[in-house]
Amino acid sequence: MLLLRCLLLLLLLPLSSMPQKLPTRDEELFQMQIRDTAFFHDSSVIPDGAEISSYLFRDTPKRYFFVVEEDNTPLAVTVTPCDAPLEWKLSVQELPEEASGEGSGEPEPLEQQKQQITNEEGTELFSYKGNDVEYFVSSSSPSGLYQLDLLSTEKDTHFKVYATTTPESDQPYPELPYDPRIDVTSLGRTTVTLTWKPSPTASLLKQPIQYCIVINKEHNFKSLCAVEAKLSSDDAFMMAPKPGLDFSPFDFAHFGFPSDNNFGKERNFLKPSSKYGRQTSSKPRVDLHKVCIGNKNIFRVSDLKPDTQYYFDMFAVNTNTNTSTAYIGTFARTKEEAKQKMVELKDGRVTDVFIKRKGGKFLQFAPISSHQKVIFSIHSCLDAVQVQVRRDGKLLLSQNVEGVRQFQLQGKAKAKYLIRLKGSKKGASILKLLATTRPNKQSFPSLPEDTRVKAFDKLRTCSSVTVAWLGTQDRNKFCIYKREVGDSYNEEQKKREQNQCLGPDMRKKSEKVLCKYFHSQNIQKAVTTETIRGLQPGKSYLLDVYVIGHSGHSVKYQSKLVKTRKFC
């Protein structure tokens, strides 16, 4: 039966002199009406067989109506609180006999009709107080005008209501399996794998169901409506979705409530309008993530923090109706980060350090004797690494280091220095580290700011190339090595081989071109050139320049790819 049509006929249409029986639901008209979302917006009428969304101001009750025409009619009412507990009750009263308009033949004034219906208190059928999704179900309900009264005593909130007189055929909400729990099948330091049994609505009834997972650190949620309310508390809650993840949309055009069923379309975030409610102040960003994964029943959550408790909720969503049902949520604590062994640094001794991708290392330097200064020399062989130095818990240094860097810090008697190294996100990191209290202890050679090798194209011949590089004011030894490479060798391959810590001792003797000493007191003139001869016409070569310090440690300049002329 068409509940809305019943009530509108009762309140608005002219009544004939003959008693009228309220019609049963016209399915074609009903489907047309529920597709028009504005038809029920902010109305006190509950349509038959369609879920509505609305809101409550704190301590301000709200009443909804629907009509059941015949006795012994099945009835189901579902109320879903969103972000606050609700008090609600369902009652029924008989329709007034005077509604027929007997006597004058003229319809009664509209306000008089409404007052006549609503002034009387009906018989209470059911009541509830809490934040659970609660149901009233009856296989045989009396005819009459049904009233649903709702109240929120905590705060302004929104909610959803669904009522139907055909519960057996409608089945609006996805059905849960016999075991509706979420299982944690794998647990790591930063990952959790979840599985669950599929909804019979998808597996048996073949309706379009997708699963949406919600992850947060606070508590489990009892409805997807509660999740959306939490997310909408911050206008900018959504970060850019990762590739391959399907974030479901929200449309908060009407006081934070979805205004249509454009599920899966482009997100559209609008601030709450003063037309529909009070203006609320901006709230802190919520640490809550929702991702919809289609119809899979296994999901691996990644990028979690070690030794942290997370709550996981899963909702089956009917993509045709946008209605949802919550599985029984679960929680799990990720494993602790593996305790790393502290590496002790020796004064004046170079230590090799390897760090996994996105990993970290802790080192400690405890000078034996009193000291005025501490020098940390760091040679990052591959990508940049983050370096932090603390003395007795106080942060002294935090820098990103690429190539060779030296830091000099003020000393303190009996102090201990904690060095934290954080690797690159691109790949593993390799570096050499020297800590000393002796300023004259220099293991790494000094480098110019620009470590590129320049090739002169006009000086290129069929058998030679001429290159140049910068030096420093310190007298250092420079060695040049060459290696023939194929025509397909490119910059990407060259980048993969840019380990500056691999010295000349790792090269073949046949690849060595020459070694020489060079420096200049005038830093502006600290430039040297060299011509590499004996090359083959039209061939590509990779040139490497190594600078070797007094202690024997070497640093490689950026490799240079050159090619001789094919015809001369």
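# Cysteine links and an enclosed helix

Visitor: Does C292 count as buried or exposed?
Guide: C292 has a relative accessibility of 1%. Buried means under 20% relative accessible area, exposed over 50% and partly exposed in between, using a 1.4 Å probe and protein chains only. C292 therefore counts as buried.

Visitor: What kind of model is this?
Guide: Residues are numbered from 1 along each chain as its sequence is written, and side-chain values use heavy atoms, leaving out hydrogens and water. Local features need pLDDT of at least 70, side-chain atom pairs count only at pLDDT 80 or more, and totals for chains, interfaces and linings use all residues, since the model is predicted.

Visitor: Which residue does a disulfide join to C292?
Guide: A disulfide is a pair of cysteine sulfur atoms within 2.5 Å. Here the S to S distance is 2.0 Å, and the link is right-handed, with 100° about the S-S bond. The partner of C292 is C212.

Visitor: How many residues of helix α6 are buried?
Guide: Helices (H or I, at least four residues) and strands (E, at least two) are DSSP runs, numbered from the N terminus. Helix α6 covers residues 224–231 and is largely enclosed by the rest of the structure. The buried residues include L224, C225 and L231. The count for α6 is 7 of the 8 residues.

Visitor: Which residue forms a disulfide with C225?
Guide: The two sulfur atoms are 1.4 Å apart. The pair links distant parts of the chain, 143 residues apart, with C225 in helix α6 and its partner in the loop between β3 and β4. That partner is C82.
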